[in-house]
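Here's a quick tour for anyone meeting this structure for the first time. Take a look at it below, and then we'll walk through a few spots together.

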Amino acid sequence: MDFSSKIKSEYRPKRLAVKLNVKGEQFVIKKHPWVFSNNIVKINNDATTGDLVIIFGKNKNRVIGLGLYDANSPIRIKMIHSEASKANINSEFFQYKIEQAYHKRSDLLKTNTTSYRLLFGENDGFPGLIADVYATVLVVKLYSEIWLPYLGSILKSLQGVSRSETIVIRLSRGLQQSKHHKLEDGEVVYGTLKNEVVQFEEHGVKFSANVIKGHKTGYFLDHRDNRKRVGEFSQNKTVLDVFSYAGGFSVHALYNGAREVTSLDISKQALEIAYQNGKLNSYPGKHFTIAGDAFVELRKMIDKKQTFDIVIIDPPSFAKQQSEIIMAKRKYAQLAELGVKLTAEKGLLVLASCSSRVSAQSFFDINLQVLQSQSRSFKNILNTFHDSDHPISFPEGAYLKCGYYQFG
């Protein structure tokens, strides 16, 4: 397999012997994937991004973990191996980890689903690297330069395990500006891509993703199980999908026989994708779209006394940094309040959050507090988290939570 010459890194990683303070050592022993710069006590002066870090514990100087050095991040060491067993970091090591990750997705791949997350960053032992499959196209998104020296062998393994015909590289903003590689965002590095819009299936429902220009890798796969569940509730129902983006919930509802679906998003472009995704399937209902700010549009609907049998509110992350947490919680409370007013008698309200800085417990507590303050009877029938191709291996890796509230 001959990948683009742009992938081949001229840099040969060094091996760095590192000692950490007590806090840093505990991170590693507990298999946390991050070691911060202020946890490092001793390291080589010539450490460079991508170098292999060998972490020695204070106890008898034994090796307690292996990581990759990142000079450009406060998370200075990104862990790739924290088992007691020794490991050689080579193509066989990455091949084994990719095979393990694929095996975790085996149950999902037995369903009528041709899109899945093969590597979920730190949670699969690949910090700063995401790999999503859309039918025969593999999209790899890089968030850190640590992977540049190893990329060729990793892509080879990913292609072999997923049997993808095409590989597209997506780069974070930081990597797009980096001068340490010749890659371009959206570059096809293996095979050919006839159309940047790729069709795939999610539990038998047809969708499409723009793998070159779409958000992240082209689509949000994490809510798959929730979309399927909402679809199962939707027959003959009226449905409001707020922050609909490419229409994930909307299309599942239409596919399952919803009478009317309204997709609301601030982006007209996203709504057009949602509408087209719907058209990939046959459905008897009507699909309406509204472009506008969710908070404004929901209040307009309330003023008109509109209600829906099912209301789904799935906003983008409100707390990308610590200072935004309080405001994020306020916004979640506001959305829950608006959602209650828009949900019909005996209707279903589905509230979701993808803010990792707001814990699941906090989010569910906010929802219950708001709903209990209303004069309506309800049951919290279900709380859900990530789908099976988004396994969680450390606390900060968990971000998705979703509550289902059935009104009497």
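Predicted model: local features only at pLDDT ≥ 70, side-chain atom pairs only at ≥ 80, totals over all residues.

Skipping the neighbours within four places in sequence, Asn-226 touches Phe-249, Thr-384, Phe-385, Cys-402 and Tyr-404. You'll find Asn-226 in helix H5, which covers residues 224–233. With a relative accessible area of 2%, Asn-226 is buried.

Two of those contacts have a polar side to them. The side chain of Asn-226 meets the side chain of Thr-384 in a polar contact of 2.7 Å. Another polar contact, at 2.8 Å, links the side chains of Asn-226 and Tyr-404.

## The cysteines

Now hop over to Thr-113, in the loop between H2 and E7. Is Thr-113 buried or exposed? At 6% relative accessibility, Thr-113 counts as buried.

Thr-113 and Glu-202 are 89 residues apart in sequence, yet their C-alpha atoms are 4.5 Å apart in space. Beyond its neighbours within four places in sequence, Thr-113 is in contact with Leu-108, Glu-201, Glu-202, His-203 and Arg-224. With His-203 there's a polar contact too: the side chain of Thr-113 reaches the backbone nitrogen of His-203 at 3.0 Å.

## The largest nonpolar core

Next, the greasy part. The largest nonpolar core holds 37 residues, and the ones with the most contacts inside it are Val-140, Leu-142, Trp-147, Ile-154, Leu-155 and Leu-158. Several elements each bring at least two residues to this core, including strand E4 (52–56), strand E5 (63–69), helix H2 (91–104), strand E9 (137–142) and helix H3 (151–162). Which element gives the most to this core? That's H3, with five residues.

Apart from its neighbours within four places in sequence, Val-140 is in contact with Leu-129, Ile-130, Ala-131, Leu-155, Leu-158, Ile-167, Val-168, Ile-169 and Arg-170. There's also a second, separate core of 31 residues, which includes Leu-240, Ala-294, Ile-325 and Val-370.

## A closer look at H3

H3 has twelve residues and spans 16 Å from its first C-alpha to its last, close to the 16 Å expected at 1.5 Å a residue.

Which residues of H3 are buried? They are Leu-151, Ile-154, Leu-155, Ser-157, Leu-158, Gln-159, Val-161 and Ser-162. An α-helix has 3.6 residues a turn, so residues three or four places apart point the same way. The buried residues of H3 pack against H2, E7, E8, E9, E10 and strand E11 (187–190).

Note on methods: Residues numbered from 1 in each chain as written. Heavy atoms only, no water. Core = buried A, V, L, I, M, F, W, Y, C linked by side-chain atoms within 4.5 Å. Buried < 20%, exposed > 50% of the residue type's maximum accessible area, 1.4 Å probe, protein only. Helix = DSSP H or I, 4+ residues; strand = E, 2+ residues; numbered from the N terminus. Contact = heavy atoms within 4.5 Å. Polar contact = N/O pair within 3.5 Å; in protein donor to acceptor, adjacent residues only side chain to side chain. Expected span 1.5 Å × (residues − 1).
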